[in-house]
Amino acid sequence: MSAISGYPPDRGLEYVGASRIEGLLVVVERVRDVGFDELVEIAGPGGRPRLGRVLEVSDKCALVQVLEGTDGLSGRTVSARFLGESLRLPVSRSMLGRVFDGLGRPADGGPPPLSGDRRDVNGSPINPVARRYPREFIQTGISAIDGMNALVRGQKLPIFSGNGLPHDRVCAQLIRQARLPGEKEGFSIVFAAMGVKRDVADYFMRDFAASGALSRVAMFLSLADAPGVERLLTPRSALTLAEHLAFDCGQHVLVVLTDMTNYCESLREVGSARGEIPGRKGYPGYLYSDLASLYERAGRVDGSPGSITQTAILTMPSDDISHPVPDLTGYITEGQIVLDRELSQRGIYPPISGLPSLSRLMKDGVGKGYTREDHPALTSQLFACYAYVKRVRALADIIGEEELGAGDKLYLKFGEAFENRFISQGEREDRPIELTLDLGWEILSMLPREELRRVGEKMLDEHYRSGIIIKNQESGI
Amino acid sequence: MSSADGGGTVVTRVSGPVVTVKGMGGSAMYEVVRVGELGLVGEVVRQHGDSATVQVYEDTSMLKPGAPVERTGAPLSLWLGPGLIGNIYDGVQRPLPALQALSGTWIKRGEKADPLDTARRWEFKPLLGAGQEVSEGQAAGLVPETPLVEHKVLIPPGISGKVLSAVPAGSYTINDVLAVVETAAGPAEIKMLQKWPVRRPRPARERRRVDGPLVTGQRIIDTFFPIGKGGCACIPGGFGTGKTITQHQLAKWSDAGIIIFIGCGERGNEMTEVLREFPRLKDPRTGRPLMERTILIANTSNMPVAAREVSIYTGITMAEYYRDMGLDVAVFADSTSRWAEALREMAARLEEMPAEEGFPASLPSRLAKFYERGGAVTTLGGERGSISIVGAVSPPGGDFSEPVTQHTRRFTRVFWSLDTELANARHYPAINWLRSYSDYLDEVEPAWEKLSPGWRELRAEAMAVMQREEHCRQIARLIGPDALPDSQKLFLFIGGVMRDGFLAQSAYDENDMFCPPAKQAALLGLIMALYRGGRDLVKAGVPLSAVSALPCVPEILRARTGYAGDDLPGLAKLAARLAEELGAAAKKGAS
């Protein structure tokens, strides 16, 4: 077996010589029986073979993209061996607990996984008719998520962050705590790291080990020092395994993709190397379709008890949510959790921004029969009141807090309590959903009852508790 | 030395979905071909000598030069006939439920299935007899397709003459010959199944002026920014502003005979939601499941991009087919930006010269052609039909100055501008009332005036109040609301009541999700009565707090959810109560 691809060394025809080598691209002339997207082994004389794939093929030549860089290759001596199929990943349940590189080759010194089942990493689109609508509430124990932007099984909910914000800690907490209310067993986790630093990967690995989760985690690492193109295949390898675990083995899988901004930069790099016409900020025009081919590999399907829940972390360049990467991601995913620098600087953890965060599937996963009947109304009211707090704060910045009316001052207090008591929590604090909801009511009850227009009278009778709370607040409890 | 050196029609080059084929002499533009051993569907998009460039609708992985190509000699055409309603198709009219039955959860490449069930027998009632003269567009017979849709089997465009033979009433399949018509070109068979090229508009006798509103049951739309039957609307918004939810609401509650929902490059789960909800929801007018008048086209974002480009033509061609039966059809395209991106992607692969932001220079004319297939017409058969189009636009970064939004604005007359700030405050539908517009007020006015005399003035008054509110809010943002005099604070108060009591609408509340026009008029009347009464009281020196403390104000705020759609007597009672309380407050103020 060739170490590089797992293919026998005599497989496929070998061609020697390339008419052009440029960046990551190698043009091999006079090829025959070569397919688009076919996998290629490229080697210099005596050198370690590297993987590549066919980007374009005509009856005269093939344009090959070398996944691991072309340094040291010479046009005269380079050899190309076409392997007869597109990139495939052997999949098996035994891959949990292991570490792989971006192409699915063992990176932990262990043997290659035993599996007769090799899957095309590009996957196939799920027939929309075969999808089942996700609606099982996942309790993450994080109030800002459970209470305001609840996650359901089969959803894709990314974390939009910025450099220096604690997205890794939030994500690790989410992985540790996420489960259906009342269930003990958490998720199987497929973790794909694209272009992140070794420290980050180590952080997650330590965290998995500490929480005893390591045996149900498969990691695909293409770290910052790995060749850029490998990054493009890393999430595909990870999702291919996730699909096997979820839809063949019936497991509930949580896929973590970090950091999608690095992935998109690699895509841009490859696109510009090919001389493609760039779109916004130099990213290729097909960025949306490409991202969709990853994010859409989530959900639930008929005839399988399993599910894929996806959370992608992406750092917004200069915290700009309208940058193409977060922008296009937001158009594909079912909401987003946005981290806020200002909250973070005020020492609030998790710094989950109240207003721009959104979970599109929440409406069908909470309320009567899922969490608690009052959940949707409570969320809606908290959002409305917090939006008003933002307006009052803007006003207070101009005219000064003293000049505010009594009602508006109350809103400021409410805003403080919302951020310091509801949003803010410990990194190891796992709040049951009931606690999150009760806390929400407690804080809402700081406001006059008639301000709560989004809640019905009956629900207010049941949950609104004027007086008691503010006292608590003052006594610092 | 390649295997492609032999003769025949074979692939010579593959670059993603763009494939070059030689041996294509005599092919026509947009002719459909089947590529490779799998028979992947593609369309000729460019010809050069003996070769042609083909755009393939499926993934081309491992397609090789030398692979055989089969020509079909026909452009991409749809199957039109009974059985479309209630079905769900991909962009090139492959029926997704049938594909699931064939290949399970995943869509396999090259999978084929007939768009319509050829074995199913339909009850057919003929309207023609032998010897009769017929002309194109005339109904040859009727088929009850669903309890909501009586399907007319039409004489296809271009066929007129004497009926040579016609079948009696009975049950037939879509391929059975129902009648034979003698035409100048020889006898023509009439079947339920007809085929029509997707890129060619179906003919109509003439365009009519749009008349009457497309009632959507959504207050901000029907009352403030109405769309006429046969009109075109553009609904742009950044992500998270509720484009899809608004589109779903419109698709559910619009009073069109046929709804066609095109999920073009959007999320898979959203289509699942539609599939799950529509059979369950009842049409408020007929009480029948909404699915009985709905066709879904689902080409989700991860399905092949070339098929995404065709999907909106597939949808509009089906719309024209039902329009020709004299029906009002509403087409919802979510989202046209993804369609434009598919154009851009294909253009880049064809190495076309890019114009604005990489989009091909033909983008505006393509958009224009699409929206012009909407409109109100007199059909070939002399009936009145219409197609209304609502196109969602997803501008990158929420920036409306980008090409797709800008060009779409040129060809539509209604603009529902979605607003991130409203969405952040969870005010839905997040349609901004100051930036949106409708150019159909004259066309819809008669219908509204009949329902509620003085509607147009009331609407204008309410718009003026909302404009004043915005003005006062801006001042309040600088100096604080408490520094404003009561006469201006009144606008903040009434504006708040308008926002919460009228403009916001719940998609999930039983009473609120569909608001009939009469209830809309009553609610607006109620709030404007509060405004006028409040204004007079404030003028007379009564403090605004006395107005906002009127006991019926909370009731007015909750009226949208608290009263059923047909509870007009209840709302009239509330209006009387308001008048009473305003009167009492005036008396108290005077003393």
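Let me start with the strand pairing across the two chains. S5 of chain A and strand S1 of chain B, residues 10-15, are joined by two bridges and run antiparallel. Strands here are DSSP runs of E of at least two residues, helices are runs of H or I of at least four, and both are numbered from the N terminus. Two strands count as paired if DSSP finds at least two bridges between them. One partner pair is Val57(A) with Val14(B), the latter in S1(B).

A word on the model. It is predicted, so local features need pLDDT of at least 70 and side-chain atom pairs pLDDT 80 or more, while totals for chains, interfaces and linings use all residues. Residues are numbered from 1 along each chain as its sequence is written, with chains lettered from A and ligands numbered from 1 in the order in which they are written.

Now the interface. Chain A puts 65 residues in contact with 65 residues of chain B, contact being C-beta atoms, placed from the backbone, within 7 Å. On the chain A side, strand S5 (50-58) and helices H6 (287-295), H7 (324-332) and H10 (375-399) each supply at least two residues. H10(A) gives the most, eight residues.

Last, domains, whose bounds come from an automatic or database assignment. Chain A has domain 1 (14-86), domain 2 (89-363) and domain 3 (375-475). The centres of domains 1 and 2 of chain A, over C-alpha atoms, are 31 Å apart, and each of these two domains gives ten residues to their contact. In chain B, the centres of domain 1 (3-75) and domain 4 (452-590) are 64 Å apart, again over C-alpha atoms.
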